[in-house]
Every structure is written in structure tokens, then in C-alpha cells.
Amino acid sequence: MQSKLDFAIIPAGPSDAAGLAQVHVQSWRETYPGILPHGFLERMSAPLHARRWRMRLMQLNEVVLVAETPEGLVGFCSGDWSRGQGLEPREAEVHTLYVLKSAQGQGLGRRLLTGAVRALAARGATSLTIGVLRDNLPARVFYEHLGGSLEGEHVELVGGTSVAAVDYRWEELGALVR
């Protein structure tokens with residue numbers, strides 16, 4: 001018998017900070033072994049991330065959606081205007097999209113991303129970028145499946161370590177919001 005994951009996608013508020021932090025830390029520990037240093041992943045602190053998330057959510061600038069089940073949060077997506085220099089003036093950027101391994105394969109990542117893109121489009125965004133660590137192959141396959149075009153490579157500093165990352169771009173948001 002196939003199990004079904006029941007969830008709701010809702011906007012996050014400051015009271016979701018602890019749940020966001022828990023998903024953030026757990027998803028990094030599930031996703032990045034072998035990509036990021038083990039010590040860094042082990043030192044990640046849910047209470048520290050909760051404080052950061054609470055501050056971010058109180059600013060009301062970012063679109064932050066959470067996926068919630070009866071057991072609690074299992075994923076989230078956040079985005080805002082692009083942080084890049086010299087990009088299109090109406091370009092948005094998804095900063096985070098994380099789904100716990102136990103909740104993957106249910107269409108949750110796509111639903112979170114689609115919801116965030118719709119909210120960003122309602123603010124006037126016409127294109128989108130997403131950065132992902134180069135060696136996170138499942139995420140890259142996911143973005144390519146959704147029509148993202150590989151735009152280039154850059155280096156990100158994560159936990160004091162330089163890590164290769166790549167950027168995906170959608171010129172038009174139409175394919176993502178259907």
C-alpha cells in the first residue's frame with residue numbers, strides 16, 4: 001500500500017522560526033554529506049537558525065512558504081528580488097528550497113517552488129534565478145526538469161569552505177506557475 005503525505009502550503013510567520021530552523025538543519029545534514037565538511041554540518045545549530053529566521057520573517061520582505069503536515073514542518077521555500085548585480089530589473093531569486101528526505105518524491109518541492117514563484121510574480125517579477133551547490137545533483141536534475149537553464153558557475157563560502165555552485169535561470173515564469 002502506498003503512503004500518502006498530506007500537507008498544506010502556507011505563508012510562514014515569526015512563530016514558524018523554530019520549525020524552519022529544524023528543517024533547515026536536518027535537510028542540510030541529509031543533503032550535503034560529502035559536499036560540505038562533516039564538522040560544519042554537525043555544528044549547525046537549530047536555535048541559532050531559529051533566531052535568524054525569526055529576524056528574517058519579521059522584516060516582511062521575503063516570500064517564505066512552508067509545507068506543514070500534522071506532524072510539523074517538512075519543507076520550505078523563500079525568495080525575494082535577485083541579489084545579483086547587473087541582472088534584469090524584475091528578476092526574482094529563490095534563496096532556499098529544502099524538503100526533508102522523508103517528504104521528498106511527493107511533489108512537495110514543486111508545489112513550494114510554484115507557490116513562491118506565483119507570489120514573486122504577483123510582486124512584479126518576470127524572471128527567476130536559483131543557485132545550487134554544483135555537487136547537489138538531485139537538486140540540479142529537479143531544476144533542469146522544471147526548465148531551468150544553466151547560467152554559470154560561481155564559488156560560495158559555506159562554513160569557511162569554498163564550494164562550487166551553479167545558477168539556473170528562467171527567462172519567463174509562465175512554465176513554473178502552471
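In the predicted model, Ser27 is part of helix 1, which covers residues 17–31. With a relative accessibility of 1%, Ser27 counts as buried, because buried means under 20% relative accessible area. Apart from neighbours within four places in sequence, Ser27 is in contact with Tyr98, Val99 and Leu100.

Ser27 is one of the buried residues of helix 1, which are Ala17, Leu20, Ala21, Val23, His24, Val25, Ser27 and Trp28. An α-helix has 3.6 residues a turn, so residues three or four places apart point the same way. Several elements take part in covering the buried residues of helix 1. The cover includes helix 2 (38–43) and helix 3 (46–59). It also includes strand 2 (63–69), strand 3 (72–81), strand 4 (91–99) and strand 6 (149–158). The 15 residues of helix 1 reach 21 Å from the first C-alpha to the last, close to the 21 Å expected at 1.5 Å a residue.

The chain as a whole was described next. The protein chain contains six helices and seven strands. Read from the N terminus, the order of these elements is β-α-α-α-β-β-β-α-β-α-β-β-α. The radius of gyration is 16 Å, close to the 16 Å that the globule rule gives for 178 residues, so the protein chain is as compact as a globular protein of that length. The C-alpha trace spans about 40 × 35 × 35 Å along its principal axes.

Of the 178 residues in the protein chain, 45% are buried. The accessible surface of the protein chain comes to about 9,600 Å², and carbon and sulfur atoms account for 52% of this surface. Among contacts between residues at least 6 apart in sequence, 63% join residues at least 24 apart. The protein chain carries 18 positive and 19 negative side chains, and the centres of these two sets lie 4 Å apart.

Ala103 belongs to the loop between strand 4 and helix 4. Although placed in a loop, Ala103 counts as buried, at 1% relative accessibility. Between Ala103 and Val74 there are 6.5 Å in space, C-alpha to C-alpha, while the two residues are 29 apart in sequence.

Helix 4 comprises residues 108–122, and Leu108 is found in this helix. The relative accessible area of Leu108 is 1%, so Leu108 is buried. Leu108 and Thr161 are 53 residues apart in sequence, and their C-alpha atoms lie 30 Å apart in space. The 15 residues of helix 4 should span 21 Å at 1.5 Å a residue, and the end C-alpha atoms are 21 Å apart, which agrees. The buried residues of helix 4 are Leu108, Gly109, Leu112, Leu113, Thr114, Ala116, Val117 and Leu120. Gly124 follows helix 4 and has a positive phi, near 115 degrees.

Thr114 is also placed in helix 4. At 10% relative accessibility, Thr114 counts as buried, since the cut-off is under 20%. With neighbours within four places in sequence left aside, Thr114 is in contact with Leu176 and Val177. The C-alpha atoms of Thr114 and Ala175 are separated by 9.5 Å, and these two residues are 61 apart along the chain.

Val132 lies in strand 5, which runs over residues 127–133. Its relative accessibility is 7%, so Val132 counts as buried. When residues up to four places away in sequence are not counted, Val132 touches Ala139, Arg140, Tyr143, Ala165, Val166 and Tyr168. Val132 and Asp167 are 35 residues apart in sequence, with their C-alpha atoms 6.4 Å apart in space.

How values were computed: Residues numbered from 1 in each chain as written. Predicted model: local features only at pLDDT ≥ 70, side-chain atom pairs only at ≥ 80, totals over all residues. Heavy atoms only, no water. Helix = DSSP H or I, 4+ residues; strand = E, 2+ residues; numbered from the N terminus. Rg over C-alpha atoms; globule rule 2.2 N^0.38 Å. Buried < 20%, exposed > 50% of the residue type's maximum accessible area, 1.4 Å probe, protein only. Contact = heavy atoms within 4.5 Å. Areas by Shrake-Rupley, 256 points an atom, 1.4 Å probe, with all protein chains shown as cover. Lys, Arg positive; Asp, Glu negative; His and termini not counted. Charge placed at Lys NZ, Arg CZ, Asp CG, Glu CD. Expected span 1.5 Å × (residues − 1).
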